[in-house]
Amino acid sequence: MPVRIAFPTETVLEEAAERLRSGELVAFPTETVYGLGADARNAAAVQKIFTAKGRPANNPLIVHVASEATARTLATTWPDWARKLADAHWPGPLTLVVEKTDVLPPIVTAGGLTVGLRVPAHPVALALLNACGLPLAAPSANRSEEISPTTAQHVADSLGPYVDDLLILDGGSCQVGIESTVIDVTGPTPRILRPGMIPLETAVTETDESDMGSIVRSPGQMLRHYAPRKPLIIVQSTIDKFSLMPTDGLLRLTGNPEEAARRLYAELRRLDNLEYVSRIVVLAPPDSPEWAAIHDRLKRAATS
Ligand code: TXA
Ligand code: MG
C-alpha cells in the first residue's frame, strides 16, 4: 500500500495515536526535521524503524516526550545540567543524553546505558505525543545516510518504497531545518555530540556563564551522513578558485544561518533530483560560530 500524507485533524491524530499504540510506525513533523516514530517501550515496534531506514543496529535513537517531567521518568538521574538546559531550551531543538531506565528496551539505545531525550517544539509533534501518551523513539524519517526530510513529501519520497501503508502527518516545512543539537550531560561538564542551531556556547551562556571554559566538543561518530546521491564539493569562491561546469548545480546559502538551515536540505534534494546536474557545488558559508552546524552538515554531505 502507498504512503498516506494527511493533515493532522483531530480524527487523523487519533488514528495516528492508535497506530502507535498498536506498534505501528507514524511519521510526524518536528521543528527540526520529520521523524519516523514508534512506541519507544515496544521493542518490536522500534525494530520496524531500523528496518524501514536500513539503519545500523549500533546507532541509537532519540526518544521524544511531551514534557521534562516525562523525560525524567526515562532517566535514572536528572543531572543539574539536564535541568538547566531543559529549562532553557525545551520544548526545542535540543537532545539531552542521560542515563536510561529499564522502561526503554535495549534496541532503542543500541544496547547502550544512555538515552537521548527531546521535547520537540512543533505543535503537531506535541499533539501526537499527548494523543498517544507514549514516549516516541524517532530518528529522522529518511533512509539511513540520506538527507533528512523537512517536508511530508520528502518523507514519502525517501521511505515510500520501504514502508507499507505509512501514515505521514503533514505539518508543512520544518522551521529549523537541520537536526537537533545533541548534548551529553552524563559527565561533570556537557559535551556536544552533534552541533545544531542551539550552539552549546549559547545554551551554557544562558544558564551558567561560569562553566563556559570547561566545555568539551566531540564530533559525531558517523562521518558520511546527510548526503545527496551526487558528489558534493564545497568551494570558497566561484570566481577565484573554481570555474563552474554547465552540469554543476550551485548552492549559495545566502542570508542568516537560520534561513540557510531552513532551506539547506530542500535545496540539496532539489539539486540532487535535477537531471542535468552531475555535481553539487556549495559556496562555503562564513566561518563564524553561528554557521558551525551548517558547516558540520556540509562536511558530512561532502564525504564520500
Ligand atoms: O532533530 C532531531 O534530533 C531529529 C528529530 C526527528 O527529532 N532526530 C534525529 O534523529 O536527527 P537521528 O536518529 O537521525 O539522529 C540521532 C543522533 C544520532 O547521531 C545518534 O548517534 C545520536 O543522536 N544519539 C542518540 N542517542 C544517543 C546516545 N544515547 N548517546 C549518544 N548519541 C546518541
Ligand atoms: Mg538521521
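Q: How many bridges join strand 12 to strand 14, and do the two run parallel or antiparallel?
A: This is a predicted model, so take the pairing as the prediction gives it. Strand 12 covers residues 232-235, and strand 14 is its partner in a parallel arrangement. The strands run parallel, and the number of bridges is four.

Q: Which residue of strand 14 does R252 stand opposite?
A: Strand 13 (residues 248-252) also runs parallel to strand 14, with five bridges joining them. R252 belongs to that pairing, and in strand 14 the residue opposite R252 is L283.

Q: How many of the five residues of strand 14 are buried?
A: Strand 14 spans residues 279-283. Counting as buried takes a relative accessible area under 20%. Enough of the strand passes, so strand 14 is largely enclosed by the rest of the structure, and the number of buried residues is four.

Q: What sense do strand 2 and strand 3 run in, and how many residues sit between them in the hairpin?
A: Three bridges join strand 2 to strand 3, and the sense is antiparallel. One spot to check is V26, which stands opposite G37 in strand 3. The two strands make a hairpin, and the number of residues between them is six.

Q: Which residue of strand 7 stands opposite D39?
A: Strand 3 pairs with strand 7 (residues 136-137) too, antiparallel and over two bridges. D39 lies in strand 3, and the residue of strand 7 opposite D39 is L136.

Q: Is D39 buried or exposed, and at what relative accessibility?
A: Strand 3 is mostly covered, with five of its five residues buried. D39 touches L20, A45, V46, L134, P135 and L136, leaving out residues up to four places away in sequence. D39 counts as buried because its relative accessibility is 6%.

Q: Which residue has its backbone nitrogen 2.9 Å from a polar atom of the D39 side chain?
A: D39 is buried, yet a polar atom of its side chain has a backbone nitrogen at 2.9 Å. That nitrogen belongs to R41.

Q: Which elements do the buried residues of helix 6 pack against?
A: Six of the eight residues of helix 6 (residues 152-159) are buried, so the helix is largely enclosed by the rest of the structure. Those six are A152, H154, V155, A156, S158 and L159. They pack against strand 1, strand 2, strand 3, helix 2, strand 8 and helix 8.

Q: How far apart in space are V65 and A125, C-alpha to C-alpha?
A: V65 is in the loop between strand 4 and helix 3, and at 1% relative accessibility V65 counts as buried. Among the residues it touches are T70, L74, R118, V119 and L129. V65 and A125 are 60 residues apart in sequence, and their distance in space is 9.3 Å.

Q: What is the angle between the planes of W78 and W90?
A: The count of aromatic pairs comes to one. In that pair, W78 and W90 are 6.0 Å apart centre to centre, tilted, with an angle between the planes of 45°.

Q: How many residues apart in sequence are the parts that the W78 and W90 pair ties together?
A: W78 is buried, and W90 is too. W78 lies in the loop between helix 3 and helix 4, and W90 in the loop between helix 4 and strand 5, so the pair ties together parts whose separation in sequence is 12 residues.

Q: Which ring does the charged end of R143 sit over?
A: Two charge-over-ring cases are worth a look. K84 lies over the face of W81, 4.5 Å from the ring centre. The charged end of R143 is 3.6 Å from the centre of its ring, and that ring belongs to Y162.

Q: Which residue has a polar side-chain atom 2.6 Å from an oxygen atom of ligand 1?
A: Ligand 1 is surrounded by 23 residues, and the closest are T32, R55, N59, H64 and S180. An N or O atom in the N59 side chain is 2.9 Å from a ligand oxygen, while a polar side-chain atom of T114 lies 3.1 Å from a ligand nitrogen. The contact at 2.6 Å comes from S180.

Methods
Residues numbered from 1 in each chain as written. Chains lettered and ligands numbered in written order. Predicted model: local features only at pLDDT ≥ 70, side-chain atom pairs only at ≥ 80, totals over all residues. Heavy atoms only, no water. Buried < 20%, exposed > 50% of the residue type's maximum accessible area, 1.4 Å probe, protein only. Contact = heavy atoms within 4.5 Å. Phe/Tyr/Trp six-rings, centres within 6.5 Å; stacked < 30°, edge-to-face > 60°. Lys NZ or Arg CZ within 6 Å of the ring centre and 35° of its normal. Pairing = 2+ DSSP bridges. Near = heavy atom within 4 Å. Polar contact = N/O pair within 3.5 Å; in protein donor to acceptor, adjacent residues only side chain to side chain.
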